[in-house]
Each structure stands twice: as C-alpha cells, then as structure tokens.
Amino acid sequence: MNLTHILSFSIWTPIFLGGLILLLSGKMSDTQAKWFSLISSLISFLITIPLYTAFDFSFGQFQFQEFFHWIPAFHINYHLGVDGFAVPLILLTSFTTVIVVMASWRSIKDRVAQYMAAFLIMSGLLIGVFSALDAMLYYIFWEAMLIPMFLVIGIWGGPNRIYATIKFFLYTVLGSLLMLVAFIYLYLQTHSFEVVNFYNAGLGLYSQILIFLAFFMAFAVKIPMWPLHTWLPDAHVEAPTGGSVVLAAVMLKLGAYSFMRFAMPIAPDAAIYLKDFMVTLSLIAILYIALIALVQKDMKKLIAYSSISHMGFVTLGLFMFNSIGVEGAYIQMISHGFISAAMFLSVGVLYDRLHTREIADYGGVMHAMPTFTAFAVFFAMANCGLPGTSGFVGEFMVIMSAMQNNFWIALIAASSLIFGAAYSLWMVKRVFYGAPRNQKISALKDISWREFSILSILAVLIIIVGVYPKIITDMTNATTVQFLEHMQLIKPITSLPMDV
Amino acid sequence: MNQLIQSDLFLILPEIFVLSMAMVVLMTDLFIKPSQRWIIFALSQLTLLGGAYLTGQNFSHETQFAFSNMFVRDGLADFLKMMSYVGTSLIFFYSRSYMKDRNLYRGEYFALVLFALLGMMIMISSHNMLLVYMGLELLSLCLYSLTALDRDNQKATESAIKYFVLGALASGLLLYGMSMIYGATSSLDLNVISTSLLNHPTDHAILILGLVFVVAGLAFKLGAVPFQMWVPDVYEGSPSSIAMLISSVPKLAAFAITVRILAEGLQSMMVDWKQMMLIMAVLSIGIGNITAIAQTNIKRMYAYSTISHIGFILFGLMSGTLNGYASSLFYVVSYMFMTLVSFGILMMMSRKNFECETLEDFKGLNKRNPWYAFLMLITMLSMAGIPPTVGFYAKFMVLQAAFDAGFAMFVVYAVMMALVGMFYYMRIVKLMYFDEPKLKSKLDVSMDMQWILWANALALLFVGLVPHRFMDATAQAVALSLH
C-alpha cells in the first residue's frame, strides 16, 4: 500500500463521505443513514491505522509529509506531516467518531443524516488540524471545525442550546483571531507560513512574549484553562451526548496539542519566562475547579468541571519542561480522551432513559442496571485516578515531574486526587447506590448490546493504557526528546531584557 | 490627427457600446408589449456580454491614455470593468422575478441600470478630476431615480429624496475640493497634479483643505463613517433589488476613483490622507459592526455590515503600499459577490405582497429549504471572514498589509471588531438552523435564479479554497496600473 498520501486520505475521506450523506439525506431513511455513517466512520478509522503501524517511532521528525504550493502569493502551502505528538491524537479522533456514531444510534431522532454528517466532517477537519504543518492551513482547519460543532450544539442541543453554542463560538473565535494576528506577524518576519520556519524565527524575548500571549488566548480557551473556561460547562450541558464526547475527548486536546506544536516551540524563551504564570493557572484549574465540581447538581456539569481540572494536569506537565512531565501530560491527554468520553456516554445512557441529568433525580440505579453500574463505577474510579487505569498513570507522572521541580507544586497537584475521588465517588453513590428512588428507576432496562460494546471497548482501552502506558510513551518518546532539546536551545532567562 | 481620434475611440469602445445599447434598450421598450419584456432582459444581458467581449478582447496590460490623458485604460480599469459586467448581470438575474412581482419590471429599469453602469465605467477609467465628476454624476443620478422607481411607495420616495440631497451635498464637497486642488496645481489631470506636487511643493494649506473636501466626498460615496447616514435609510427604503445595486457594483467604481485620486494624483500627500483614512476606517469598522447588532431589519443590518466592510477596504488603502491596494481590490471585489448573494437570497424569499425584511423571516429556513439555508450559511461565513471562504482571505490580506505598514495595534482592533461582526452574522445562521419556521411552505424559485445563486454562493467557497488566481489577478491589476 502506498502511504505517501495517507494523511490527505485520512482528512478528506470522512469529509467526502459526510458530504455524500448530506447530499443523499433526502433520499435515505434514518436507518440507512445510520448504517452508512457507521460504515463511513469505520472506513475513516481504518485509513488512519497505517499511521500507527507504518510510523517510525524511533525518529522524532515529521513523517508522511505531503507538500505542494497552494497560494504562492502568500507562500501558503498544503503541507501535512505528523510526529509522535500527532499520531495518537489522530487515531483518537477517528476512533471517537466511530464511538459517537454508535452512541447516537437511538438518542438522535431528528435530522439523523445531517447529524452524522456533521460528525464525519468534523472528524476530517480535526485530523487536518493535527496534521497541518503550514500555519495558515492549520488555521483554516481550526476555524472550519467550529462550524459543525456550532451547528451540532445549536440544532440537537438542550433547552438553553443557543446561548451555549454562541458562547462557545465567540469564545473560541476570540482566541483564534488573536492567533491569526500572531501568524501574520510571524509571516512578516519569516516570509513563510511553514511551522518549521517559525521555530527558527529567532525572535527577541519581548516579541516572543506577545506572540505567546496571543497563542495563549487561542489555546487556553480551547483547553480550557481557568479563567477562560466558562464556556465549557455550558457547552457540555447543552450539547447532545455525541457533541459532548467529541468536545471532551478531542477538541480539548487541540489546545494542549497546539501549545506543543506552536506556542512553546515558537516562543521558547517566553514559555520559560511565563512558566510560573502557566503553572499557577494550571494549579488553580486543578484545585479550584475540582472544588467547583464537588458542588454540581448536574452530572454533565460535574464531568465538565472535572475535565477542566484534569486538563490542568496537562498544562502543568507541559510547563515542567522535563521529559516525564511532557510524557505524563501526553498520557493524561489520551487517557482523558477515553475516560471523559466514557463518562459522558454513561450520562447519555441514563439521559436516554429518564431525560434528566440532575443527580438528585437518580438513586439506586444499581438495582435496575447492574451491568451498567459496574461500568459506571469503573469509569468513575478511572476518573479519580485509580492505579491500574490510565487516569492514574498521567497524573502520577505529572506529579512526579512537579516533585522534581518544586515540592509545593506537587503537593497542591496531588491534593486534587482527593477531591477527584470525592466528587466522582460521591456522584456514584448518589446516582447508583441506595434504594431505587422511584418507580421509573426500578423499571429501568439495563444496557443493550450496543451500549455494552461501546463501554467495554473504552474500559479495555483504559485498562491497557493504565497497565502498559509504554504503548503511548513509545510513540511520543523521540518527539518529546526533540521537543525538549528545542526548548532548551536557549538558556532560561531570569531577568527581562526588553528588546523590540 | 484623424488617426489619433481613431485610436482614442478604439480605447473607449466598450463605453460606446454600452451607451448605444442603453439607448437601444430605452427605445425598444417603447415598441413592445409588456408580455415581451424578456426581449429587454435579453438585450441588457447581451449588452453586458458584448461589453465584456470588447473589454476582454483588448485586455490591457499596459497603461494607455486617450483624449489628452482624460481617459485611461490599464489593468486595474479592465479588471474592474469585467467585474462590473459580471455584477450587473447577476443583478439582472436576481431582480427579475422580484421586479415582476412588484410591477417594476419595466424598460426604464434596465436602461437606468445600464446608464449607471456607463457612469461606473467612466469613473473607473477616468484620469482627470472632471471626468471623475462626470462619471460620478451619471451614476448618482441614475441611482437617485432608481431608488424612487417604485414611485407610489412613500418610503422609497422619501429615501430617494434623502439620498439625492445628501448625494448632491457630497458631490458639491468633492467639486469644491477639486477646485482647490486645481487652484494650487492649475490642473485637473491626475498625472500633472502628481508631478507638480512632487516638483513644486506649493501652498500646503490650500492643498490640505482641498484634500479634506475630496476625501469627504469620496467617503460619502463609499459610505464610510462619519458620512454614512444615508446608507441604512436608503437600503431600507428602496426596493431590495435597487439596494442590491447600490451596495454592490458602485463600490468598485468608488474604490477606483479613490485609488486614482488619492494613490495616483495626490500620492505625495499620502501622510495627510493616511491619517484621515485611518480615522474613517477605525470608525467605520467599529460603528458599522456594533450598530448592526441592534438591527432587526435585515436590510439595515446589511447596510451597517457594508459600512464595516468599507472600513476594512479603507484599512487596506491606508497602508499606502501596492500590497495594500491589491488587498483592498481583492476585498472590494469579493465583497461585491458576497453582497450579491446575500441580497439575492433576500429577494428569493420575497414574494408578491411579501417583503422579506426582518430577521424573523429567516427563521427555520433550514426546515423549509435546507439547501438555501446552506447557501446563506456560506455567505454569512464569508461575510464574517471565517475560512475556508473568500471573505477570510479578503480580511487576511487587508490585515496583513496593514500590519506590514506598521498598524499593528489597529490590526488587533480590527480583529476584535470582526469578532463583534461574527455575532450578528452567526445570528442569521442561528435563526435559519435553530429556530422553528413561521411558514412551513417551501420556496418557489425559478430555475435560472436557482442556478445562478448556487454558482455565485459556491464561488465564494471555491475561491476560498483556491484563492491564488484571484489574488494574482488583483495584485497584477494593481501592480500594472499604480507605480
């Protein structure tokens, strides 16, 4: 098999198939649309598999590169390529799309074809973001991806969906427009939009700080970091289950990935200079947001806040500037992709049956749904970092790297494990244990084979990464080494010599 | 001598053709029955086709002057004329059934639009202030009377009077400014003005005063803040098809005279007009975008969105570099095509006795006609400047040129205002996709209109995906014509 255009295929196959579903939407019945989408998402997933099997992980550089001139007037190229940071996320994206299509099988009844098509197109655009090596190409995928998500939340969302989706849109665009300004500045400096040229732009500290802050606005909104996180709980609560899953599992990773691809290597001095700032924000996210999660009454909101708290570990790990921190952050990203997807799917299972997400409306679900309860308890355990699950590995590595840096940072970060256990297990207790709250709950049916298979795939993946994280560190190792070498090309600066 | 005249006439062949065809259209209308109006329609389209052929046949790559440097034909002029033909042709297609339903589908509509086109062509090609003024008046008088075409409509006549009074005032300002520049340089020829300013720096005060008046006049024609008062009222009052005309093609001509007068004639006063442009651009982008949020009438919203787009166009112009002019040219042309689709959809949704005017009318369009909602989605994304549409590259080029010229902080400001703009464009998307329709009925749209709308809207997307040819064309047009 010829793999030179594998990335283009990974991007455009789901977009093309999604477009086809849109075109045929008038002629297909809902069931046909569902099967067509499932097959399309499986094909798209299979296409991305060779990225893993044929990738040379001992080599940290970009692979599977594709290059041709796109807009010569502005030196914009269609340049794709992936390194160890991108491949796992691409696989996560195409995998999540399959899960989403399966999970939405029964819960979506209105305009099914459009819904499925939106997710397929979104998956292609997301893969585009992860594999673009030209800043303008990256920006175009980044912005284009907003549209399907905007529509998904707005059309299939909950009662307050319009507020949530417009907030989501404006927050994200606010950041990305500043990122565009930073790209224009870098273009005028280097006369190119090539990411690799940006790395060697040789900017002074002052311009690096401005660029870093512009990128920060774009990526911190996406991760999201405190205090730019307020769109996320709204978006999650209103989004349909599939939307929440993609949002949590993949879209949040975009921000962290972009820090590793753009903000940190392009402005390394600024990243080191602003380290304390970033670490402080991460710790606030980890601790304060965990406390907020504790008092939530809505299950989805609780998981949304717990996502923000877990993403705090990712930024904390990244800004420790050592290999265990970066790899821990990366494992945390992947693990959060599985766990948050599983948690949102579990809420979706309950919501499909009782149409409420209020914790107070549940109680004693275990008596009616024993199999489902087993899964839910397992995912909650993984969420609070039970050893043996993937949640433990990432957090543990990040805390270790923090310990190498500063005892107090590690202490604060580690204390959040207690709060994580508190909010996850307390929710489990209130929802699943005790006597059945009312007739409706005792009449619940346990999960179907479809739900069982989705949840068990995720559970298996969580255990595999938890027991054998080498799968992921093998992929990222070479790239991490290279990343850190690049970051340390310039010695840390302690005073601020201003240069314009 | 004779030969000279001949080559002069050869250069203005497209103008002569459009002029004579406009008269033919006017005369033919007297001799046909109302049921045979399609002849007029066909003749008008033929005029545009012929004009495009004549312009394209001798597509100019070098600057040629005619009638003792009054008239210029260069890459910029030919490019803009070509775009004007396309724009006018689209206007005829879009407005056909709309005008029929309102009993305005008459010969004088076509004749007046063709005369307005002639005025624009003259403006685009003028290299002398007098000719600029002539073309401008020809265009403006046609537009005033077109606004009042629906003469029994009180709103239309009111806005026509408003437009006429303010327009006459602006023309007066422009003329006054020109006379001062004439006084200082003793010429109306842009070449002569430019060289004499360069060689003999004259009394600065008079020139600045003249410049202020000229810029004010131009800003009025473009519709930039603080000379924007007429825009929303005229858009709201006039029939949608006329509002579409006013908002689209004449902006190309206004752009052309602005570039010619300021960037060519008064090049050595760039420091002065740059400041004025900067203030107008900042105000237009800000006031246009913020005021648009508060509108419930969609035509008024389009009007304020036009004002903000004009702000972006001025942003490119004020960079004062070839790169900046090229980006503005790219912007103004892509703006024209975006506006045409947006108004085209507005007219498609209007029917006999029903004027699609408020934002509410877009509610639930996705449930009624999902594909038209999709076209509108593309248009709104393009207006908001979200990739991969052409509107994104327009904004990107302008911002990049302004950044290059040292306006970094203003670029950040413009970007923030673009964010404000996104809100009201996305609100239309919200109405179309997230709300329930008031009317369940599907829209009944004629075949030709459907195809043209599709082609126009998809062009916004397609040029957004492969913009380099279009970028090269604008860059070349500017590079060949301005030095």
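F10(B) lies in helix α1 of chain B; helices (H or I, at least four residues) are DSSP runs, numbered from the N terminus. The model is predicted: local features need pLDDT of at least 70, side-chain atom pairs count only at pLDDT 80 or more, and totals for chains, interfaces and linings use all residues. Residues are numbered from 1 along each chain as its sequence is written, chains are lettered from A and ligands numbered from 1 in the order in which they are written, and side-chain values use heavy atoms, with hydrogens and water left out.

With a relative accessible area of 44%, F10(B) is partly exposed. Buried means under 20% relative accessible area, exposed over 50%, and partly exposed in between (1.4 Å probe, protein chains only). The largest share of the patch, three residues, comes from α1(B).

## Helix α2 of chain B

L19(B) is placed in helix α2 of chain B and, at 33% relative accessibility, counts as partly exposed. Leaving aside neighbours within four places in sequence, L19(B) is in contact with F115(B) and L118(B), where contact means heavy atoms within 4.5 Å.

E15(B) forms a salt bridge with K81(B), and the closest N and O atoms are 2.8 Å apart. E15(B) lies in helix α2 of chain B and K81(B) in helix α4 of chain B, so the pair ties together parts that are 66 residues apart in sequence. A salt bridge is a side-chain nitrogen of Lys or Arg within 4 Å of a carboxyl oxygen of Asp or Glu. Both E15(B) and K81(B) are buried.

## Further salt bridges

Over all chains, the count comes to 22 salt bridges. One of them joins E236(B) to R300(B), with the closest N and O atoms 2.6 Å apart. This pair links distant parts of the chain, as E236(B) is in helix α10 (residues 230-237) and R300(B) in helix α14 (residues 298-317) of chain B, 64 residues apart. Both residues are buried. E236(B) and R300(B) also belong to a network of salt bridges with K155(B), E158(B), K162(B) and D233(B).

R106(B) and E108(B) form another salt bridge, with the closest N and O atoms 3.1 Å apart. R106(B) is partly exposed, with a relative accessible area of 25%, and E108(B) counts as partly exposed at 32%.

## An enclosed helix in chain A

Eight of the eight residues of helix α10 (residues 231-238) of chain A are buried, so this helix is largely enclosed by the rest of the structure. Among the buried residues are W231(A), L232(A) and H236(A). The buried residues of α10(A) pack against α6 (146-156), α7 (161-190), α9 (205-222), α11 (241-266), α14 (299-318) and α15 (323-354) of chain A.

Key:
Helix = DSSP H or I, 4+ residues; strand = E, 2+ residues; numbered from the N terminus.
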